[in-house]
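Visitor: I would like to learn how to read a model like this one. Please take me through it step by step.

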Amino acid sequence: MITDLWYKNAVIYCLSVRTFMDANGDGIGDFAGLERRLDYLQGLGVTAIWLMPFQPSPKRDGGYDIADYYGVDPDYGSLGDFVAFTHAAKQRGLRVIIDLVVNHTSDRHPWFQAARKDPDSPYRDWYVWSTEKPSNADKGMVFPGVQTTTWTYDREAGAYYFHRFFDFQPDLNTGNPAVLAEILKIMGFWIQLGVSGFRMDAVPFVIAQKGADVGGTPRENFDMLRDFREFLQWRKGDAIILAEANILPKQDLDYFGDDADRMHMMFNFQVNQATFYALAAHDARPLVKAIERTTPRPASCQWGTFLRNHDELDLGRLTDKQRALVFEKFGPEKGMQLYDRGIRRRLAPMLDGDPRRIRLAYALMFALPGTPVLRYGDEIGMGDDLALKERDCARTPMQWTNERHGGFTAAERPVMPVIDHGPYGYAHVNVAGQRHERDSLLTWMQSMIRVRKEAPEIGWGQVSALETGRSPVLALRYDWRNNTVVCVLNLDPGPIEVEIATGVPAPAGDLLIDLLTGERSEAEAKGRHRLCLEGYGYHWFRVGGLDAPLKRTPA
C-alpha cells in the first residue's frame with residue numbers, strides 16, 4: 001500500500017526538454033539547461049515535473065516514436081546528465097515523472113527491424129501482423145485526415161503491421177507476456193534513475209486486444225494495469241502512474257480499480273472539455289454535471305485537471321451544438337482546428353490575451369477536484385505559431401528574456417522557431433520581464449499555486465456543488481478532516497450578486513475568510529452569504545475562519 005499520497009495535493013508542470021532551455025548553444029534544449037532552470041520551477045511553486053519523451057528517437061512525432069527505451073537522445077545529453085538533473089530536482093523537493101510510451105515504438109527501433117527481417121525472430125510476435133489487409137483497416141485512426149489506414153504493408157516482412165497511430169509507429173503486441181515483461185523492465189530502469197512515476201501514453205490502446213481478427217470494440221485487459229501498479233509498489237512504494245485515458249465516466253473505475261489497485265491518477269478529459277464549454281457559454285451547469293459524473297473514485301486515486309497540453313484540445317465528448325460553440329469562441333478559423341475534433345491553440349490567444357479571462361480560467365482549473373497540471377509557458381501567457389504544422393504550433397521554445405530567441409538559445413537557429421513577433425513575441429511575453437511586474441501573470445500564478453497548496457481540501461476532500469441560482473456562477477464545496485473550503489467563480493463578463501448557503505452549521509458556517517484577499521463574509525439570515533462577484537471574478541473561502549486548520553482530526 002502507498003503510505004505517501006504526495007500526488008493528491010501536488011502541482012505538476014509539463015515540459016519538453018527539447019524546447020525548454022539550451023545550455024550548450026546548439027539550438028536544442030538539453031538536461032543541462034533544464035537543471036539550470038530548476039530554481040525557477042521551485043520558485044514558481046510546482047512540486048513535480050512531467051517530462052515529455054526524451055529517449056533516442058527519429059522525432060517524427062515529437063519524440064513519441066521511441067527507438068531506444070533505455071537511453072537519452074544525444075541532442076539532450078547523456079544518462080549521466082539525466083541522473084544529475086533528477087538528483088538536483090530531488091535536492092529542491094521536486095519530483096520527476098516521465099512519459100511512458102509503450103503502445104508503439106518507432107519503426108527504426110531494433111525490435112521492429114529484427115521483426116520485419118525474419119519471421120522466426122523472437123521479436124516477430126512483439127508486433128501485430130497480418131498476411132492480408134484486414135477489412136476494418138480504414139477505421140479507428142487516431143489522426144483522421146492525416147492517416148488513411150491502421151494497417152500498412154511492409155515489403156521486407158511480406159505482411160501488414162498494425163499501427164493505431166502513424167505508419168512509422170508500429171504497435172507493440174502488449175498481449176505478449178514477453179512484451180509485458182519488457183515494459184516492467186523499462187519502468188524499473190527509470191525508477192532506479194530517480195523518477196517518481198510515469199505519465200502513461202494512450203492507456204486504452206495499450207490494454208486493448210490487438211489483431212487482424214479483432215472486430216467491433218476490442219476487449220481490454222484491465223489486469224495489465226494491476227500488473228503495472230503492483231510492480232511499481234514493489235520497486236518504489238510512492239511511485240505513481242498518471243494515465244492518459246480519454247474514456248467515458250462509466251469506465252473510470254475500470255481504470256482506477258474498485259480497490260484502487262490500478263491507475264493512481266487519470267486526466268479528467270470529461271471535465272476539461274466541459275470547462276471550455278462553460279467558458280464559452282458562460283454557463284457552469286454542464287461543468288457541474290461533468291464533475292458529478294466523475295466524482296466516484298477510490299479515496300487514494302486522483303484526477304489530473306488541466307486546461308491545455310501538448311496535444312490539441314479534444315472536444316469529442318461534447319455534443320455537436322456544444323462543440324460548435326467552443327469552435328466559434330476559441331478556434332473559429334480552420335487553421336486553428338485539428339482533425340475536425342479539436343483546437344490546436346494555446347490558452348492565452350484562445351482567450352484573446354484578456355488577463356481577466358486567463359486568470360479566471362486558471363483560478364477555475366486550480367479549483368476543480370484533482371491535481372492541477374500546468375503546461376510550460378502558460379504561466380506567462382505564451383502564444384502559438386499557427387504557421388507551424390499541426391500540434392507544433394503550441395510547442396514553441398520557452399521565452400525566458402527579451403534577448404535574441406527569447407533567451408532559449410545562443411545558437412543562430414533554434415530547433416523550433418521562437419515566437420518573435422506580435423503581442424505574444426518574446427519581446428513582450430517573457431519570464432524576466434514578468435518577474436519584475438507586481439501584477440504580471442507570472443506573479444499571479446505563483447500566488448495562486450501557493451494558495452492552492454495551502455488548500456489541501458481541494459486535492460483531498462469530497463466535492464459538492466452549491467446552488468447559486470445563477471447559471472454563470474460555479475460554487476464548489478470541499479470537505480476534508482472537519483475543514484471546508486468553498487470556491488466561487490463567475491464565468492460571465494458582467495458582475496453578478498449571488499446568495500449561497502455553505503451548508504456548514506453555525507457558528508462556523510456564518511463566517512467565510514477569502515483565501516485570496518483575506519476579506520470576511522458574515523452570513524445573513526438563515527446562514528446565507530450575499531456575495532458580489534465582479535465580471536470573471538473568483539473567490540476561495542475557508543469556512544469558519546482562519547482557525548479552521550487547528551480543528552483537524554486524524555484521518
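Visitor: How many Å apart are the mean positions of the positive and negative charges of the protein chain?

Guide: Start with the counting: Lys and Arg are positive, Asp and Glu negative, with His and the chain ends not counted. Each charge is placed at NZ of Lys, CZ of Arg, CG of Asp or CD of Glu. Here 65 positive and 73 negative charges have mean positions 2 Å apart. Note that this is a predicted model: local features need pLDDT of at least 70, side-chain atom pairs need 80 or more, and totals for chains, interfaces and linings use all residues. Numbering runs from 1 along each chain as its sequence is written, and side-chain values use heavy atoms, without hydrogens and water.

Visitor: What radius of gyration does the protein chain have?

Guide: The radius is taken over C-alpha atoms, and the globule rule is 2.2 Å times the number of residues to the power 0.38. For 555 residues the rule gives a value near 24 Å; the chain has 24 Å, so it agrees with a compact globule. The C-alpha trace spans about 80 × 55 × 45 Å along its principal axes.

Visitor: Is Met448 buried or exposed?

Guide: Buried means under 20% relative accessible area, exposed over 50%, partly exposed in between (1.4 Å probe, protein chains only). Met448 has 3% relative accessibility, so it counts as buried. Across the protein chain, buried residues make up 62% of the 555.

Visitor: Which residues is Met448 in contact with, leaving aside neighbours within four places in sequence?

Guide: Contact means heavy atoms within 4.5 Å. Met448 touches Ala363, Phe366, Leu516 and Trp540 by that criterion.
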